[in-house]
Amino acid sequence: MQLLQLLISGVAQGCIYGLIALGFVLIYKATETVSFAQGDLMMVGAFGGLAAMTLLGFPFWLSVPAAIIGMALFGVLLERIVIRPILGQPAFSIVMLTIGVGYVLRGVITMIPNIGTDTHTLPVPYAGEVLRLGALVISAEQIVVIGVTALLCGGLFAMFRYSKLGIAMQASSQNQLAAYYMGIPVKRLNGLVWGLAAGVAAIAGLLLAPITFVHANMGFIGLKAFPAAVVGGFTSLPGAIVGGLIIGVVEALSGFYLPEGFKDIAPYIVVLLMLVLKPNGLFGEKLRKKV
Amino acid sequence: MNDVLLSAKNLSVRFGGVLAVNDVSFDVKRGEVFTLIGPNGAGKTTVFNLISRIYTPTTGTIDYAGPEGMLRLTDQAPHRIASLGIARTFQNIELFEHATVLQNLLIGRHTHRRTGLLSELFFTAKTRAAEIEAREKVEQVIELLDLQHHRESMVAGLPYGVRKVVELARALCTEPKLLLLDEPSSGLNVEETDDMAFWITDIKDELGITVLMVEHDMGLVSKVSDRVLAMSQGQQLATGTPTEVQADPGVIEAYLGSVDDVSSLRRENHKVNA
Amino acid sequence: MRFLFKTDYDQDIRLAKHGGHVFWYSLLGLFLLSAPFTVDEYWLSQMTFVLIYAIVGLGLMLLAGFTGLFSLGHAAFLGVGAYTQAIMVNAGLPFPLALACAGLLSAAVGMVVGLPALRVKGIYLGMATLAFGFIVEEGMARWEQMTGGNAGLMVQYPKLFGMELDTTGEFYALCLVICVAATLGIVNLMRSSTGRAFVAIRDSEISAQSMGIHLARYKTLSFALSAFLAGIGGALYAHKIQFLSPDQFGIIQSIDLLLMVVIGGLGSIHGAFLGAIFLIVMPQLISLGKDFLPAAIGQAAGLQGTVYGLVLIAFVLFEPMGLYGRWLKVRTWFQLFPFYRKGMFKRQKSFQKSDRLK
């Protein structure tokens with residue numbers, strides 16, 4: 001029973017990692033950049049929801065879409081202003097830029113007078129409620145996380161498979177030049193992908209907020225999402241979610257069964273194992289330069 | 001001394017479901033210019049990559065006349081190829097973009113280095129002497145290929161034709177016995193192609209280097225090659241002198257289509273002229 | 001305008017390429033040697049920090065700038081060196097022995113961290129180094145009997161030739177000597193075969209291999225040398241701050257080190273020094289500038305982070321060649337005046353997938 005309880009909390013946490021990792025993979029496939037800013041975008045998304053509810057006084061059911069759409073727009077803006085000019089530079093520099101973006105987001109949020117470094121609560125309607133199944137206790141937050149992640153994955157799958165936009169994104173990520181010649185507006189699509197990734201990050205933030213509370217250093221969870229993306233394979237969207245789930249479950253189990261301290265480094269040990277056994281992740285493709 | 005420098009026997013390589021090279025065999029004799037020709041997708045560059053050990057053959061062997069006799073090339077690690085005396089150029093220029101031409105050429109001398117890490121850290125007299133010797137050797141190649149005014153230029157800013165020559169120069173700096181040239185004239189204009197033809201002949205005659213070449217420009221092929229191997233879709237069609245191979249019906253079909261197509265073309269041509 | 005008319009191979013090989021070089025570097029040398037007597041204690045202490053970070057920066061520049069290997073957990077090597085030094089010196093072992101051990105142990109850890117480099121590239125390697133960084137940091141915190149864990153570890157003064165180096169001036173001199181030695185070593189390496197092999201690996205691995213460069217050996221060597229220097233830097237760092245705790249060697253420190261080499265200028269030795277100066281000077285500038293800003297911004301906790309982030313973004317956007325790159329452009333502008341052309345330092349765009357929209 002304890003095991004099942006752990007698994008559920010591991011899966012819930014893993015969904016969060018998976019969502020952030022999803023953002024990483026989306027951006028990597030579209031623009032070949034690794035964005036270290038995803039975690040901090042998640043944090044801003046959570047604060048956005050908080051602001052919508054407390055400052056603007058929106059009800060919960062309005063704040064959530066407002067925060068998501070707001071972040072998506074911010075993501076598009078980010079791509080346009082900061083990312084587009086630097087595409088083509090060595091990957092290292094672009095990573096540093098996204099790290100810089102993360103610093104700025106964290107710093108600016110901390111500088112806003114009423115936020116600072118305090119912890120805030122996001123008043124969600126289902127806070128504190130639990131579902132009891134025999135000896136199993138599942139909190140409403142966990143159910144919402146797992147449910148929303150499943151819905152989102154379904155939605156994204158449908159979009160990529162059936163909608164024109166989704167197919168265009170897939171085409172663009174496989175061969176940008178060919179997509180461009182077919183009339184697909186590649187640059188605009190890149191902006192949309194960044195917007196989508198930011199929106200997904202916002203969702204992750206809003207889902208995480210009831211569990212860990214909203215504070216400026218929330219984004220450091222993003223660092224655990226990297227192992228998720230590596231495990232899944234940086235070029236695979238379903239892989240990101242699966243990777244996230246694996247990392248979440250491993251973390252939950254090692255927190256309970258292994259000595260203190262292992263919980264924090266368990267994801268990284270998994271990464272190293274993965275890189276030794278299957279360097280391109282579970283679902284990733286091996287990219288080799290043709291000479 | 002053995003006449004044959006490189007011997008490929010029943011080479012095949014499969015990538016997933018695609019048989020890129022299918023039972024190809026040929027011998028390259030010392031001091032000759034041997035050319036692989038064929039339409040795109042024939043597997044010519046794949047054969048090169050097999051010799052350079054970038055790929056491993058699924059079946060077949062490649063034997064090479066090393067310093068101590070024939071050895072199995074397919075057992076060697078990729079970085080050992082250069083020290084065996086095999087150098088190559090790449091179809092899509094693989095130069096070291098963020099270094100100068102001189103540095104690119106000096107990297108070509110890597111297999112001839114005699115200095116260890118410690119003597120390099122302290123830049124002893126031995127390292128200094130080795131550096132000067134390397135530069136002298138590189139200078140000879142620069143002079144052969146007329147690269148003097150590009151010596152200090154960053155490769156990234158150079159025009160395509162010059163980069164092709166730098167790639168050739170870098171391969172020559174390794175002092176090879178066998179030189180693999182992958183489409184040396186692609187992207188070059190008529191004058192540059194003529195220069196290339198002269199250089200290849202010089203490399204063969206003056207430097208005594210055996211050349212194995214992939215080429216599409218039939219003029220260049222006829223001018224410099226001793227023997228030709230025609231390939232199509234992974235299989236070899238004909239081997240012989242350039243004239244023999246160009247007259248081979250199988251080769252003509254691979255390039256131009258079947259005899260019927262060709263004769264129908266001739267009939268059309270007649271009509272137009274009449 | 002200065003034209004370098006070369007008539008001798010030596011001119012290409014030697015360190016000081018022309019008279020101007022000799023002049024300016026001698027001036028720098030004089031300043032550095034006289035600093036303990038001319039500069040006040042606070043700034044001397046800051047200069048010592050610059051020297052220490054420059055040593056680490058040289059190592060990271062070798063790894064990331066010259067060999068092109070992503071290292072996101074570099075602070076781990078710094079930590080290994082620092083703790084090794086602290087533990088050995090506290091146990092009474094002589095300073096030079098401890099220093100050597102700090103460097104060598106770090107190098108050994110570096111070789112282990114470098115093992116993934118032989119199999120994976122790019123972001124995957126970055127993730128592996130990041131993972132190692134976290135594991136080492138956690139290890140340092142958990143191994144309480146040796147490292148004192150999160151409670152911290154006090155470090156004694158370095159003892160050399162019988163005397164204790166407890167003044168700022170004496171310690172500065174020690175750091176200066178080690179820094180100069182490290183710089184000369186790296187400079188010598190970069191002008192010989194090994195340095196060129198590193199650059200080859202960075203620019204085109206397949207090509208490097210076909211030139212006979214043993215990829216695994218050189219990548220491991222790069223990691224080992226880079227970690228060695230970080231270990232030495234860490235050992236000096238331990239003596240400088242005199243109190244160690246594991247959180248000093250976490251992801252924030254790793255990012256600081258990366259910041260240093262990127263802003264300094266990736267792929268140049270000057271860049272390591274310029275970056276180190278930047279890293280030490282920037283907080284000072286921020287505290288100075290705080291008073292000129294409105295209270296809401298100036299006194300806020302997040303100011304330093306924001307400024308760092310903005311500067312990093314600005315550099316990558318507008319000056320990807322870093323401080324050294326900007327200096328080169330300015331110098332070339334003056335040297336070639338009025339013939340400087342805008343596109344002279346234009347960098348080629350490069351993508352992993354060749355079919356990207358340019």
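A: Two residues are in contact if their C-beta atoms, placed from the backbone, lie within 7 Å. By that criterion, 47 residues of chain C are in contact with 49 residues of chain A. The largest share of this side of chain C, eleven residues, comes from α6(C). The elements that give two or more residues to it are α6 (122-142), α12 (251-264), α14 (295-298) and α15 (303-318) of chain C; helices (H or I, at least four residues) and strands (E, at least two) are DSSP runs, numbered from the N terminus. By class, the side of chain C that touches chain A has 32 nonpolar, seven polar and eight charged residues, where Ala, Val, Leu, Ile, Met, Phe, Trp, Tyr, Cys and Pro count as nonpolar, Asp, Glu, Lys and Arg as charged, and the others, Gly among them, as polar.

This is a predicted model, in which local features need pLDDT of at least 70 and side-chain atom pairs count only at pLDDT 80 or more, while totals for chains, interfaces and linings use all residues. Residues are numbered from 1 along each chain as its sequence is written, and chains are lettered from A in the order in which they are written.

Chain C as a whole has 16 helices and four strands. Its radius of gyration, taken over C-alpha atoms, is 21 Å, close to the 21 Å that the globule rule (2.2 Å times the number of residues to the power 0.38) gives for 358 residues, so chain C is as compact as a globular protein of that length. The C-alpha trace of chain C spans about 60 × 50 × 50 Å along its principal axes. Of the 358 residues, 48% count as buried, that is, with 20 or more other C-beta atoms within 10 Å of their own. Among contacts in chain C between residues at least 6 apart in sequence, 74% join residues at least 24 apart.

Leaving aside neighbours within four places in sequence, Ala46(A) is in contact with residues including Gly205(A), Leu206(A), Leu208(A) and Ala209(A).

Definitions and conventions: Buried ≥ 20, exposed ≤ 12 C-beta atoms within 10 Å, placed from the backbone.
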